[in-house]
Amino acid sequence: FLTAEVVDSTQTITFSSTPNFNGTETVYLMATVNGKTAFDEFVITIDPVNDAPSLVKIEDQTTNEDQTISNLFVEANDIDNVQSELTLTVTSSNEALVANSDLSVQRIEGGFLLSISPVKDQSGSLDLYVVLSDGLLEQKDTFNVSISPINDAPVASTLIPQDATEDQSYELIVSQFFTEPDDEPLTVDVTQQPDWMTLENG
């Protein structure tokens with residue numbers, strides 16, 4: 001795990017180790033002068049240090065309005081800590097589209113599963129900020145979530161029409177009995193329309 005480079009002109013030795021190695025190594029020295037040789041040895045101790053956890057880049061995501069992104073795998077590992085010692089925190093840049101309370105993280109082998117539930121009837125684009133921590137060091141990532149709009153059906157209201165009077169003209173604004181979530185123009189049709197009724201869409 002250790003390599004050494006000897007510089008005769010300065011009588012120095014430079015040691016280097018493989019990445020993430022820690023522990024002890026015994027070094028044996030041999031010096032020769034005029035045919036005579038001497039030996040020596042000493043121990044080098046390489047103290048461990050805490051390395052930051054590793055977080056694989058998360059790709060941008062696309063979903064439809066009212067559709068949850070389920071079980072998005074977030075790959076995370078740490079050479080110095082076990083999986084149970086890692087925490088993953090995810091926050092939303094726009095809680096009007098995705099609330100922090102609607103971001104679910106589950107720890108599994110090799111990383112985490114992330115579920116993202118958009119706010120009902122909302123569409124648009126936002127960023128999610130991801131922080132992986134081992135309690136001392138962190139790795140961060142940001143990815144985009146695009147929520148595409150879908151056409152929602154009109155919703156019937158509970159309004160009750162006023163009574164009409166015999167032999168008198170009666171006008172009813174039927175749009176007041178429906179709500180259009182997407183603010184699109186409404187078209188109203190009547191089934192089994194009587195001859196005396198007229199219907200205008202405008």
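Helices (H or I, at least four residues) and strands (E, at least two) are DSSP runs, numbered from the N terminus. The model is predicted, with local features needing pLDDT of at least 70 and side-chain atom pairs counting only at pLDDT 80 or more, while totals for chains, interfaces and linings use all residues. Residues are numbered from 1 along each chain as its sequence is written, and side-chain values use heavy atoms, leaving out hydrogens and water.

**View 1. Asp78 in the loop between β7 and β8.** The Asp78 side chain reaches the backbone nitrogen of Asp80 at 2.9 Å.

**View 2. Contacts of Asp78 with residues beyond four places in sequence.** With contact taken as heavy atoms within 4.5 Å, these partners are Asp51, Pro53, Leu86 and Asp134.

**View 3. The largest nonpolar core, with 22 residues.** Such a core is a set of buried Ala, Val, Leu, Ile, Met, Phe, Trp, Tyr and Cys residues joined through side-chain atoms within 4.5 Å. Leu88, Ile116, Leu128, Phe143 and Val145 have the most contacts inside it. Two or more residues each come from β7 (69-77), β8 (87-92), β10 (111-116), β11 (124-133) and β12 (138-148).

**View 4. Surroundings of Phe143.** Beyond its neighbours within four places in sequence, Phe143 is in contact with residues including Ile58, Leu72, Leu114, Ile116 and Leu128.

How values were computed:
Buried < 20%, exposed > 50% of the residue type's maximum accessible area, 1.4 Å probe, protein only. Polar contact = N/O pair within 3.5 Å; in protein donor to acceptor, adjacent residues only side chain to side chain.
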